[in-house]
Amino acid sequence: MVTHPGRGLHGQAVEELGRRIIRGDYPPGSVVDPIKFETELGVSKTVVREAMRVLASKGLLESKQKRGTTIRPRADWNLLDSDLLRWQGSSAPTDAFLEDLAEVRAIVEPAGARLAATRRTASDLDAMRHALEAMAAAGTDADAMVEADLAFHRALLDAAHNELLSRMEVVIEAGLRVRDRIVHGARHFSDSIPVHQELLDAVEAGDPDAAVAAVESLLAQASDDLAAVRAGDDERDGDEVATDTLPKEAP
């Protein structure tokens with residue numbers, strides 16, 4: 001069974017079954033067999049039952065008499081659930097998923113920055129500064145950079161002082177985490193600290209238009225970096241295919 005440090009058997013079962021469903025191992029409408037899960041995961045009937053109950057609450061499963069437990073249509077899934085967002089982005093995110101995340105960020109973050117520039121408090125600015133300092137200190141540590149970047153954007157949304165907007169953090173975090181994991185893992189990306197500094201300066205100065213412009217520059221840079229990395233991956237895949245199809249020399 002795939003292990004997840006710091007999580008109990010119940011949490012591990014939820015993670016594993018959730019990832020499988022999101023990945024498409026079990027198509028919508030298919031019947032799932034709890035006994036098979038018990039055997040494959042090496043866990044008890046109670047653990048599987050509780051895991052399936054959690055997944056049902058996320059809209060992934062439904063149980064009916066005589067039909068058993070089936071995978072619900074994707075339209076019924078709670079796609080804004082933090083676990084579902086994480087599962088979609090944790091393995092090999094599709095282009096459609098990445099585009100959806102980018103579009104949501106382009107809608108939410110400029111609006112958040114505009115509000116933050118007029119509503120930020122001293123503690124909000126401190127949180128953004130500390131996150132920016134952590135980004136600078138991260139150097140080539142990709143994990144540290146990702147966490148610092150997340151903290152900065154979380155602080156930006158919080159500075160808008162809109163509870164509903166702050167809840168969009170789950171989508172922003174998913175988009176950032178996937179993008180940063182791909183880009184920073186490749187170790188060739190633009191220096192994003194200057195544009196983050198511009199954003200912080202605009203919010204501190206109380207300039208909504210400058211804050212929006214800085215966010216839009218940041219999102220454009222993020223999109224360009226991701227496109228460059230994925231284009232590089234495609235080129236390498238093409239080289240491998242070309243090599244594999246070269247005629248063999250005669251012995």
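Reply: Two strands pair if DSSP finds at least two bridges between them. Strands (E, at least two residues) and helices (H or I, at least four residues) are DSSP runs, numbered from the N terminus. This is a predicted model, where local features need pLDDT of at least 70, side-chain atom pairs count only at pLDDT 80 or more, and totals for chains, interfaces and linings use all residues. Residues are numbered from 1 along each chain as its sequence is written, and side-chain values use heavy atoms, with hydrogens and water left out.

Start with the strands. Four bridges join strand 2 to strand 3, and the two run antiparallel. Strand 2 and strand 3 form a hairpin with three residues between the strands. In that hairpin, lysine 66 has a positive phi near 75°.

Strand 3 (residues 68-71) also pairs with strand 1, again in the antiparallel sense, over two bridges. Here valine 31 faces threonine 70 of strand 3. Put together, this is an open sheet of three strands in the order 1-3-2. Strand 1 (31-32) and strand 2 (61-64) are the edges, since each pairs on one side only.

Now a pair of helices. Helix 6 (residues 122-138) and helix 10 (residues 193-205) have axes that come within 11 Å and cross at roughly 170°. Axes are lines fitted to C-alpha atoms, for helices over the stretch in contact, and angles run from 0 to 180 degrees between N-to-C directions. Angles under 35 degrees count as roughly parallel, over 145 as roughly antiparallel, 65 to 115 as roughly perpendicular and the rest as oblique. Helix 6 and helix 10 are therefore roughly antiparallel.

Which residues meet? On helix 6, they are Leu125, Met128, Arg129, Leu132, Met135 and Ala136. On helix 10, they are Ile193, His196, Gln197, Leu200, Val203 and Glu204. Contact means heavy atoms within 4.5 Å. The residues of this contact are eight nonpolar, two polar and two charged. In these classes, Ala, Val, Leu, Ile, Met, Phe, Trp, Tyr, Cys and Pro are nonpolar, Asp, Glu, Lys and Arg are charged, and the others, Gly among them, are polar.

On a 1 Å grid over the protein atoms alone, a cavity is a set of points where a 1.4 Å probe fits but cannot get out; a pocket is an open set with protein on both sides within 12 Å along at least five of seven lines; lining residues have an atom within 4 Å of a point. Grid points join across faces, edges and corners, and a volume is the space filled by probe spheres set on the points.

The largest pocket has a volume of about 460 Å³. Its lining counts 21 residues, and the closest to the centre are Ile22, Arg74, Gln88, Thr94 and Phe97. Helix 5 gives the most to this lining, with five residues. By class, the pocket lining has twelve nonpolar, four polar and five charged residues.

There are three cavities of 30 Å³ or more. The largest cavity holds about 60 Å³ of space. Its lining includes His196, a residue that also belongs to the contact of helix 6 with helix 10. The lining of the largest cavity has three nonpolar, four polar and four charged residues. The second largest cavity holds about 40 Å³. Helix 7 and helix 9 each supply at least two residues of its lining.
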